[in-house]
Amino acid sequence: MNRRKALLLSAISAAALYVGNVYADALNNIKQSGTVRIAVLDDYPPWGFAGPGMKTVGFDIEFANLIGKKLGVNVTIVPTTGHNRIPFLQTGKVDMIVACLGKNAEREKAIDFSAPYGDEFNGVFGPASIKAKSPSDLVGKTVGVARGSSEDLVLTRMAPPGTNILRFEDGSGSVQAYYSGQVDLIAIGSTVVNSVQRHTSPRKLEFKVMLADEPTYVGVNKNEPQLLAAVNKIIADAKQDGSLSALSQKWFGVPLSDKLK
């Protein structure tokens, strides 16, 4: 092996070792820094949204703060969108995702998931004037959805040719498009409907088509077993002591479902 090739291999090995070390012990890094950076949504009530004084509040924010408390560190809330929450994690801008994150095969190739901590179903909703019970009924309709969200991925797979899917950068964009008449229907999570329902508008949101029953998970980077184990213990303890059920009652009006306990 010539010297140039040996140096190249040495450099590659060193780079690989460095990358491995960056993510190999995120839990230790979090505890040493005294802060955990958590990605949340700030446009998806009641999971996460801008409250009084533009402070981000919601179910996920309270749960994120619970995680920080159990880890014994401060919490930095990092607002993201459905489209960039996973890239934020992969590029080291956050340590974990607590942002109404669903799990699917594509995402599992990129990151790891905790045990489920919340539950909802994704569906297509719209006005009473539109009759739709199955994906085939979406043909000829314009359906708004947040780009890169779980609803987007499932809708794209299920919708037959002739369905016009109009994607927006965030959930609030798709909701605004619905109430302005830009789209006929919207694909959103069931727990969000009551929060975005505009009772003064004639365009009420009624359930139309089931997309997927989808629990929510905390997302962490690959190859972080210590961090994942710590998060899973926090979730298990919060289920056991009723903390998660109390948060669900507060923000969704119902306790945590039995299937998640």
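Helix α7 is followed by G181, whose phi is positive, near 85°. The model is a predicted one, in which local features need pLDDT of at least 70, side-chain atom pairs count only at pLDDT 80 or more, and totals for chains, interfaces and linings use all residues. Residues are numbered from 1 along each chain as its sequence is written, and side-chain values use heavy atoms, with hydrogens and water left out.

The chain has ten helices and eleven strands. Both kinds of element are DSSP runs, numbered from the N terminus: helices are H or I with at least four residues, and strands are E with at least two. The C-alpha atoms fill a box of roughly 70 × 50 × 35 Å along the principal axes. Of the 261 residues, 46% are buried. Buried means under 20% relative accessible area, exposed means over 50%, and partly exposed lies in between (1.4 Å probe, protein chains only). Among contacts with a separation of 6 or more, 69% come from residues 24 or more positions apart. A contact means heavy atoms within 4.5 Å.

Eight strands form an open sheet with mixed pairing. Their order is β5-β1-β6-β11-β7-β10-β8-β9. Two strands pair if DSSP finds at least two bridges between them. The edge strands, β5 (74-80) and β9 (164-168), each pair on one side only. Neighbouring strands are turned by 25° against each other on average, direction ignored. Axes are lines fitted to C-alpha atoms, for helices over the stretch in contact, and angles run from 0 to 180 degrees between N-to-C directions.

Strand β7 (residues 111-126) runs antiparallel to β11 (residues 206-221), and 13 bridges join the two. Within this pairing, N122 stands opposite A212 of β11. D119 has P215 of β11 as its bridge partner. Strand β11 also pairs with β6, again in the antiparallel sense, over two bridges. There, L101 is partnered by Y217 of β11.

Strand β10 is joined to β7 by four bridges, and the two run antiparallel. F125 has I186 of β10 as its bridge partner. With β8, strand β10 pairs in the parallel sense over two bridges. G144 stands opposite I186 in this case. Five of the five residues of β10 are buried, so the strand is largely enclosed by the rest of the structure. Both of its faces are covered: L185, A187 and G189 are buried on one side, and I186 and I188 on the other.

Helix α3 lies across β1 (35-41), β5, β6 (96-101), β7 and β11 and runs at about 150° to β6. Helix α6 (residues 150-158) lies across β7, β8 (142-146), β9, β10 (185-189) and β11, at about 130° to β11. In helix α7 (residues 171-179), the buried residues are G171, S174, V175, A177, Y178 and Y179. They pack against β2 (43-44), β7, β8, β9, β10 and α8 (193-196).

Helix α3 also packs against other helices. The axes of α3 (residues 59-71) and α9 (residues 225-240) come within 10 Å and cross at roughly 110°. The two helices are therefore roughly perpendicular to each other. Angles of 65 to 115 degrees count as roughly perpendicular, under 35 as roughly parallel, over 145 as roughly antiparallel and the rest as oblique. F63, L66, I67, K70 and L71 of α3 meet A230, I234, I235 and A238 of α9. Eight of these residues are nonpolar, none polar and one charged. Ala, Val, Leu, Ile, Met, Phe, Trp, Tyr, Cys and Pro count as nonpolar, Asp, Glu, Lys and Arg as charged, and the others, Gly among them, as polar.

Helix α10 (residues 243-252) packs on α3 at an angle of about 155°, with the axes 10 Å apart. That makes α3 roughly antiparallel to α10. This crossing is right-handed. On α3 the contact is made by F59, E62, F63 and L66, and on α10 by S243, L244, L247, S248, K250, W251 and F252. The contact residues divide into seven nonpolar, two polar and two charged.

D25 lies in the loop between α1 (3-24) and α2 (26-33). At 30% relative accessibility, D25 counts as partly exposed. D25 and N223 are 198 residues apart in sequence, yet their C-alpha atoms are 8.7 Å apart in space.

Methods
A crossing is left-handed if the near helix is turned anticlockwise from the far one by less than a right angle, and right-handed if clockwise.
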